[in-house]
Amino acid sequence: MAYRRTPAVQERLDAQRARLLEAATTAVATHGYAGCSIAAVAKNAGVGTGTLYRHFDGKGELFAEVFQSVCSREVSAARDAGDSARHLEGNHRSAVSASVRTFAERAMRAPVLAYALLVEPVDPLVDEQRLMFRESFRDCLATAIRSAVESGEIPPQDATLTAACIVGAIGEALILPLRGGTTDPAAIDAILAFTLRSLGSFDDTHA
């Protein structure tokens, strides 16, 4: 007869896994990906290293799940900001600006974590999640750009390509500030101005 976990056992395992993911997220936000170790994560989660390996095959699998969770949260925050701006201001171009501003501001509030998410060398499993994150953020912006084109707010263009260029530019613009752990509000305004010009607008006051 196959062993069946009782609800109590499954609840305990789920709680362990949640603590491990929380500890890993805190670790990467504090020390970056390179500064994280399996032993430290297990210790901070209150379990042994062997217990961690019962949940995850290794550092790559553990942090791939961390990146998936954090990246999903960041894209959702950017999308929600865009939706709110569109409802408040009544145009899709504002949605693009709000999404970009929200992403940049959140990155600067957590520079170590943002640097790890965007550019720090990571395991292949984690890098796969990073690529998916860039794709999700691109699609978030592309949806608003496409709507702005359809409403006549901006010139006709390939919304997906424009969004990909904006995502790439944001990453490049933030690399050095994030690596140095610094914040620069002026950089966010410059990124927003660049974004609007990329859409075909020469009026950066909407940023």
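A: S99 counts as buried, because its relative accessibility is 3% and the cut-off for buried is under 20%. The model is a predicted one, and every value here is computed from it.

Start with where this residue sits. S99 is part of helix α5. A polar atom of its side chain lies 2.7 Å from the backbone oxygen of A78. With neighbours within four places in sequence left aside, the contacts of S99 are A78, R79, G82, F137, C140 and L141.

Next, look at the helix pair. In α5, the residues H92, R93, A95, V96, S99, V100 and F103 meet a set in α7 that includes F133, F137, C140 and L141. Two packed helices are described by the angle between their axes and the distance between the axes. For α5 and α7 the angle is about 155 degrees, and the axes are 7 Å apart. Angles over 145 degrees count as roughly antiparallel, so α5 is roughly antiparallel to α7.

Now take α7 itself. Helix α7 covers residues 124-150, which is 27 residues. At 1.5 Å a residue it should span 39 Å, and its end C-alpha atoms are 38 Å apart, so the two values agree. Among the buried residues of α7 are F137, C140, L141 and I145. The buried residues of this helix pack against α5, and also against α4, α6, α8 and α9. After α7 comes G152, which has a positive phi, near 80 degrees.

In soluble globular proteins, nonpolar side chains tend to be buried together. The largest nonpolar core here has 60 residues, and V28, V41, L62, F63, L141 and I145 have the most contacts inside it. At least two residues of this core come from each of α1, α2, α4, α5, α6, α7, α8 and α9. Helix α4 gives the most, with nine residues. As for V41, its contacts, leaving aside neighbours within four places in sequence, are L20, A23, A24, A27, L52, L62 and F63.

Finally, the whole chain. It has nine helices and zero strands. Of its 207 residues, 43% are buried. Among contacts with a separation of 6 or more, 67% join residues 24 or more positions apart. The C-alpha trace spans about 65 × 40 × 30 Å along its principal axes.

Key
Residues numbered from 1 in each chain as written. Predicted model: local features only at pLDDT ≥ 70, side-chain atom pairs only at ≥ 80, totals over all residues. Heavy atoms only, no water. Helix = DSSP H or I, 4+ residues; strand = E, 2+ residues; numbered from the N terminus. Expected span 1.5 Å × (residues − 1). Buried < 20%, exposed > 50% of the residue type's maximum accessible area, 1.4 Å probe, protein only. Contact = heavy atoms within 4.5 Å. Polar contact = N/O pair within 3.5 Å; in protein donor to acceptor, adjacent residues only side chain to side chain. Core = buried A, V, L, I, M, F, W, Y, C linked by side-chain atoms within 4.5 Å. Axes fitted to C-alpha atoms, helices over the stretch in contact; angles between N-to-C directions. Parallel < 35°, antiparallel > 145°, perpendicular 65-115°, else oblique.
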